[in-house]
Amino acid sequence: MGEIRMRITSEELYAPSIEEYVQTQEMLQRAIGEIGEQPFILKLIYANWFYLALWSMIGALVGWGLLEPFFDDQNTQLLPALLMFPTVAGCIGLFLGAAEGIMCRNAQRALTSGVVGMVVGFLGAAILLIPVGLLFHTMGELAVSLSKNHVPGEMPTGLGLVVFMMGRALAWSLISIAAGIGQGIALRQKNIAFNGLIGGLLGGLLGGLLFDPINMLFTTADGQAALSRGIGFGTIGFAVGLFVGLVEGWTKTAWLLMRKGPLAGKQFVLYKDTTVLGSSPKAEIYLFKDDAIEPRHAIVYNRGGRFEIEDCQTPDGTYVNGVPIKRQYLKHGDQIVLGKTVLEFAVREVNDSLR
């Protein structure tokens, strides 16, 4: 067969209809423009492991500060000692639950998740107080029996000290589960609750393990341990938040990274089957300070591991790689533009997570 050649005359090329079509397409295109590299400090501030660790540590210090005035190292009082576990766990749950809402400027989410986190942390720790107390007491007795020439009232030594530290670590790992799961319960998200459970377990284990060495370092010569308790509880809070954030990073499969916008550098993990993007505080991804973004602007659907974005018939539209869309499946690295906000879609393949 011979070649079929199409000839376009100059009159056809420069016809008004062609010009109009080209101009229309240029208007529809939404240029992303140059996006510079985020400064290190912004990357750090918006790294979830960092801000969760920071807010969780603040929560632990608040809980310690509430009860420390009632402690007397010379005469141990039962009530402050009993309340310390639930109070610290409740305050960690409060600040850990509210952290995401605070970082996203979403007061409604911060309040809801914070209050639920506090209640779950306090009540969960209170319920666990008896079994955890028995566990710690048993490990303490074992530690004393393994210590040579043990002096009553003093810390065990040698292998006994190791066992004693392990007992405290196990106690705090169980207590910290209650502190970590509140946000997932508040949002009714199993994945977030799971991250809180594993993160709380690991963080409480590490923080509890460090508590006694900190106590030995910072307890004063006359036996005052207020400073050591504060540092110890702060360390536990920091470790819990750190591991909750790290576990979230290890388990996430798809997320949106804000490249341009008021929270540039912030990641939004796509946990749900449907994720609403919009200017309403009720949206899963709250995009504020942009008049072009509707309360429900776009929705990302998880369709069995493939993610599809749909524009909610908005006047300004939703753009993927500069092109307006109604519905479109997303690929790793796609740039999504809503108003003046640019989000980058990222997905972790199953094979990647196994490498």
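Pro-80 lies in helix H5 (residues 78-103), where helices are DSSP runs of H or I of at least four residues and strands are E runs of at least two, numbered from the N terminus. Pro-80 is buried, with a relative accessible area of 9%; buried means under 20% relative accessible area, exposed over 50%, and partly exposed in between, with a 1.4 Å probe and protein chains only. Pro-80 and Leu-66 are 14 residues apart in sequence, and their C-alpha atoms are 9.9 Å apart in space.

The model is predicted: local features need pLDDT of at least 70 and side-chain atom pairs count only at pLDDT 80 or more, whereas totals for chains, interfaces and linings use all residues. Residues are numbered from 1 along each chain as its sequence is written, and side-chain values use heavy atoms, with hydrogens and water left out.

Helix H7 covers residues 159-180, and its 22 residues should span 32 Å at 1.5 Å a residue; the expected span is 1.5 Å times one less than the number of residues. The end C-alpha atoms of H7 are 31 Å apart, which agrees. H7 is mostly covered, as 17 of its 22 residues are buried.

The structure holds eight aromatic pairs. Rings of Phe, Tyr and Trp (its six-membered ring) pair if their centres lie within 6.5 Å; planes under 30 degrees apart count as stacked, over 60 as edge-to-face and the rest as tilted.

| Pair | Centre distance | Plane angle | Class |
|---|---|---|---|
| Trp-172 and Phe-233 | 5.8 Å | 65 degrees | edge-to-face |
| Tyr-286 and Phe-288 | 5.4 Å | 45 degrees | tilted |

Trp-172 lies in H7 and Phe-233 in helix H10 (residues 226-251), so their pair ties together parts that are 61 residues apart in sequence. Trp-172 is buried at 2% relative accessibility, and Phe-233 is buried at 5%. Ring pairs also link Trp-172 and Phe-233 with Phe-85 and Phe-211 into a cluster.

**Strands**

Five strands form an open sheet of mixed pairing, in the order E4-E3-E5-E6-E9; two strands pair if DSSP finds at least two bridges between them. The edge strands, E4 (285-286) and E9 (327-329), each pair on one side only. Within the sheet, E3 (residues 274-278) and E5 (residues 298-303) run antiparallel and are joined by four bridges, with Val-276 opposite Ile-299 in E5.

Strand E10 (residues 335-338) is covered on both faces: Gln-335 and Val-337 on one side, and Ile-336 and Leu-338 on the other, are all buried. E10 pairs with strand E7 (residues 318-320) in the antiparallel sense over two bridges, and Val-337 is the bridge partner of Tyr-319. Four bridges join E10 to strand E11 (residues 341-347), also antiparallel, and Leu-343 in E11 is the bridge partner of Ile-336. The hairpin of E10 and E11 has two residues between the strands, and in this hairpin Gly-339 takes a positive phi near 60 degrees.

**The second largest pocket**

The second largest pocket is lined by 28 residues, of which Arg-109, Leu-187, Ile-192, Lys-272 and Glu-284 lie nearest its centre. On a 1 Å grid over the protein atoms alone, a pocket is an open set of points where a 1.4 Å probe fits, with protein on both sides within 12 Å along at least five of seven lines; lining residues have an atom within 4 Å of a point. Elements that each supply at least two lining residues include helix H6 (107-146), helix H9 (190-218) and H10.
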